[in-house]
Amino acid sequence: MYQLLKELCELVGPSGFEQDVQRYIRDKVVDQADSVEVDALGNLIVKLNATDTSMPSVLLAAHADEIGFIVKKIEPNGTLRFELLGGFDSRILHAQSVKIKGVDGYVDGVIGTLSTHYMKWDDPKRIANHRELYIDIGAANAEEVLEMGVRVGQPISYGSELKRVGRNRVVGKALDDRAGCAMLIELISLLKDNPDRLHGDVYCVFTVQEEVGLRGASVLSPAFKPDFALAIDTTPTSDTYDVLMTGTRTLGAGPCIKIADKSLIAHPLVTGLLERVAEEKAIPVQTEIFMGIGTDAGAIHMTSTGVSSGVISIPSRYTHSPVEVVDLDDLENGVKLAAEFIFHAGELVGKNFLDT
């Protein structure tokens, strides 16, 4: 899992520019899938045919994009102005390393910051807007920028690399939601390695543009009308003793079964089955109610005639930063939870909202 996650996270793939990520995933799963396609928006749809056609179909979605930037302007002195793709806290932008997807490959850079020696003439409490900042790639002028293969309109991600920390944790950028992508890749392998476990059609979808409004997920379900859907995403932990923390989502205590967030009130049939299989299979889980976040399930459950949907969330510290932290045990248990939901989805046949 670690090596897979490292390779995924170190790709540059902010919203709308997920091609490198989608190509990597396609090449990983194509030999195990019954079909692989890319839709008009860029969603990668991987289908595993039913081993029992009487069982419900399940859609699982993890978003391939990450928060990032886009080159907006090349200044005469060789620095770059940029715009944001996704949600950022401007307080952490200064002095961060970045990676630009240039014409000839990735180009390293850094977001400039005012030297500490100038602070006596500045207001240290002022938070600079991203439009005041710039990226330095080591070019002396605009001509050198072009020679380095950098153009206006190219995507940028944070430049941090994924590293192991502690017993079984990792730190790096883009874990939101390459962690979910890694889980779906592992889930595909698990399903193919267990042909005797019965399930309906399974669609593992790696969506695009989640970080800018759940756009990829909003077009999914009308194409194949799944019976149930699960988003696989990260969720901010609440376990670090910062002043806003409540201790309700803890790193390493298992994946979270979402009850509600700002985009979704999870369907009780889905959450109920997740809770039952977790108890039966001794999978550690947590309950999540957090109104500060949304996931692809928020779009999926309202498409077509409606889809009964839920979410498996992976606790993550320092989300939307270059130093996100997750526990690999939570990912492994999340894969098990998703698989058991698929294998037991037949228990929901004939039931509806009033049966909960």
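The largest pocket has a volume of about 580 Å³. Its lining is made up of 22 residues, and those closest to the centre of the pocket are P236, M245, R317, Y318 and T319. The structure is a predicted model.

A pocket is open, whereas a cavity is a space from which the probe cannot get out. Rolling a probe the size of a water molecule over the atoms shows where empty space is left. How many cavities of 30 Å³ or more are there? The count is 1 cavity. The space in the largest cavity comes to about 60 Å³. Its lining consists of E66, I67, Y158, K173, A174, D176, E211, H320, S321 and E324.

Where does D296 lie? D296 is in the loop that runs between β15 (286–289) and α7 (297–300). D296 is buried but forms no salt bridge. A salt bridge requires a side-chain nitrogen of Lys or Arg within 4 Å of a carboxyl oxygen of Asp or Glu. For D296, the nearest side chain of opposite charge is that of R215, 10 Å away.

What is D296 in contact with, leaving aside its neighbours within four places in sequence? The contacts are A61, A62, H63, T207, E210, L214, A217 and A231.

Definitions and conventions:
Residues numbered from 1 in each chain as written. Predicted model: local features only at pLDDT ≥ 70, side-chain atom pairs only at ≥ 80, totals over all residues. Heavy atoms only, no water. 1 Å grid on protein atoms, 1.4 Å probe; cavity = no way out; pocket = protein on both sides within 12 Å on 5 of 7 lines; lining within 4 Å. Points joined across faces, edges and corners; volume = space filled by probe spheres on them. Helix = DSSP H or I, 4+ residues; strand = E, 2+ residues; numbered from the N terminus. Buried < 20%, exposed > 50% of the residue type's maximum accessible area, 1.4 Å probe, protein only. Lys, Arg positive; Asp, Glu negative; His and termini not counted. Contact = heavy atoms within 4.5 Å.
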